[in-house]
Amino acid sequence: MELLFAKRIRGKRLEKGLTQEQLAQAIQISPQAVSKWERGDGYPDITLLPRIANFFQISVDELIGNDEATRAEDADNFERTWWSIPFTNEGWQKKLKLAKEYYTKYPQNFEVMHRLGEAIVNNMDVLEENLQLLFEIHAKIMSGCTEEEYRRDSLHRVCYAATDSELDDQISKSELNWQEAIAIGELREERFLLQHRLDEYRRERNATNLLIFMQYLGRNGMMYYGSNREPTFTEPERTVAWERHKMRLIEQFDVDGTHENGIPEAWCGCYAEFSLKAAGALIGSGKLDEGFAQLEQTFALYERWNRIPTGNLMAVGNPDAFGEVYINKNGSDSIVHIHFTDGHTVWTPYLWLFWQLKGDIQTALTYWPWFDGVKDDPRYTSALARAKMMAETE
């Protein structure tokens, strides 16, 4: 800051064609003070800054080098200096010092944070003493940065540097999207494999595979293939094909034939929702008998789902696919985890797969345009009455 101020005050003085003595007289200070400032040897009292800025007819920010143009120039200087330092052990020490200096000046600059994190993990001999700083910038990046590269690299660095408990703590504080939730699992897999922790590696692999499957099931959410991701209900035939495809996938997990309706408990809710969409789309495409038959199956599925207590650990089915894991039914905290028999849990962002509501069928029958053409049909009237009763059940 002192060097920036020295450069600015000297430049502004010369622009006005003043000597140091003339400037000192104009702003009522000693010539020695001006000389000292211009050498970068000191800095004026903060109360003097407005007087000096007013004399030069500039803002205080511009005077001290905190204006936008100066910050942009300083950012370019940071990048040039960073890349001019060799990528050697000694070079990484210099990069770490540089990044720390700029982070002090620009604590909200994500580019600086990104480079600082890179420098920290490449200085292994001082990693432990910089670990809290790494966590600090990681929290800032995950809460405020939208740059995918910076977020991904920050996650990777934390996975690399933190202990197991520190890593769990950092992940719980991070605002992850679904891609990052899967990436965390893959990074954990790599971490455990490199550390020869094979049981934990297999567990994490099962969790990651399950998250990928959830992401596939959750694609499009409640969207119906309209433009701009709006539910337009314009392609019912495609909706039927897609929802039935997902239903068939879920049916494969009842490998021993012991699950009610052939559906493992954990998937009952989303399977019911897929069935509801298929029923609406069938009716919307004019296949009324098939659609109302599908709707009847949907009621049975929702009734089963509604009987499962909130927070209950639900079986996923087919342990050969994902291991012996369970999913908790969504509760008041709106958080869903994958639960392992050893007590370990992995957070999942796919809440909507396990959060079907008692009023879903009533909402669909009332508002989905696929049902507009059948509201005089006795089957519709009967279904609506049944749906209202389900929605009002305690």
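Helix α7 passes α8 in a left-handed crossing, meaning that the near helix is turned anticlockwise from the far one by less than a right angle. This is a predicted model, in which local features need pLDDT of at least 70 and side-chain atom pairs pLDDT 80 or more, while totals for chains, interfaces and linings use all residues. Residues are numbered from 1 along each chain as its sequence is written, and side-chain values use heavy atoms, without hydrogens or water.

The axes of α7 (residues 89–105) and α8 (residues 110–121) come within 9 Å and cross at roughly 145°; axes are lines fitted to C-alpha atoms over the stretch in contact, with angles from 0 to 180 degrees between N-to-C directions. Helices are DSSP runs of H or I, at least four residues, and strands are E runs of at least two, numbered from the N terminus. Contact means heavy atoms within 4.5 Å. Trp92, Leu96 and Tyr103 are among the α7 residues involved, and Val112, Leu116 and Ile120 among those of α8.

Next, the cores. A nonpolar core is a set of buried Ala, Val, Leu, Ile, Met, Phe, Trp, Tyr and Cys residues joined through side-chain atoms within 4.5 Å, and buried means under 20% relative accessible area (1.4 Å probe, protein chains only). The largest one has 57 residues, with Met214, Trp267, Ile327 and Ile338 making the most contacts inside it. Its largest share, 10 residues, comes from α15. Apart from that core lies another, of 36 residues, including Trp92, Val112 and Ile120.

Last, Thr348, in strand β4 (residues 345–348). Thr348 is buried, at 2% relative accessible area. Beyond four places in sequence, Thr348 is in contact with Leu211, Met214, Val336 and His337.

Technical notes:
Buried means under 20% relative accessible area, exposed over 50%, partly exposed in between (1.4 Å probe, protein chains only).
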